[in-house]
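Please keep the model in view while going through the numbered points.

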Amino acid sequence: MPDRIFACKIDSQAQGEEEGMIDWRQGYDFGIRHEPIDTPESIRAFCLAYLRRMHLNFGCFDFILTPDGRYVFLECNPNGQWLWIEKETGLPISEAIAEVLMQADRRQLAYNNNSCY
């Protein structure tokens, strides 16, 4: 499986307190921004190692970026929602998931065709 990572910054701290700064979900009514970002290699390595260790093929990770540039891990949701991020940013998440599923299907077909019955 390819190790694909799609990262998005939700700029809640640019919002007012009642407009998404504290709870970014409130920001939808006030134009909160979503922006694709490059993932630092250390965070990428952390996420991929986490998925391997937990035997997961997929996970939605939440981090906070501190004012001094440190990433603070909050959680990994193995059933996380992602389509809204794709819609907000144009990141090809559904395409990547479909590719992985099709590869798994091909591997299963090859396995079934080569099995002894």
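1. A nonpolar core is a set of buried Ala, Val, Leu, Ile, Met, Phe, Trp, Tyr and Cys residues joined through side-chain atoms within 4.5 Å. The model discussed here is predicted, and its largest nonpolar core has five residues: Ile43, Cys47, Leu51, Phe61 and Cys76. Helix 1, residues 41-53, is the greatest contributor to this core, supplying three residues. In soluble globular proteins, nonpolar side chains tend to be buried together.

2. Cys76 deserves attention as one of the core residues. Cys76 belongs to strand 4, which covers residues 71-77. Its relative accessible area is 12%, and buried means under 20%, so Cys76 counts as buried.

3. Which residues does Cys76 contact, leaving aside its neighbours within four places in sequence? They are Tyr50, Leu51, Gly59, Cys60 and Phe61. Phe61 stands 15 residues away from Cys76 along the chain, yet their C-alpha atoms are separated by 4.3 Å.

4. Ile43, another member of the core, touches Phe63 and Tyr71 when residues up to four places away in sequence are not counted.

5. Thr89 lies in helix 2, residues 83-89. Is Thr89 buried or exposed? Thr89 is classed as buried because its relative accessibility is 18%, and the limit for buried is under 20%.

6. The surroundings of Thr89 include a polar atom of its own side chain placed 3.2 Å from the backbone nitrogen of Leu91. Apart from residues up to four places away in sequence, Thr89 touches Cys8, His34, Glu35 and Pro36.

Notes:
Residues numbered from 1 in each chain as written. Predicted model: local features only at pLDDT ≥ 70, side-chain atom pairs only at ≥ 80, totals over all residues. Heavy atoms only, no water. Helix = DSSP H or I, 4+ residues; strand = E, 2+ residues; numbered from the N terminus. Buried < 20%, exposed > 50% of the residue type's maximum accessible area, 1.4 Å probe, protein only. Contact = heavy atoms within 4.5 Å. Polar contact = N/O pair within 3.5 Å; in protein donor to acceptor, adjacent residues only side chain to side chain.
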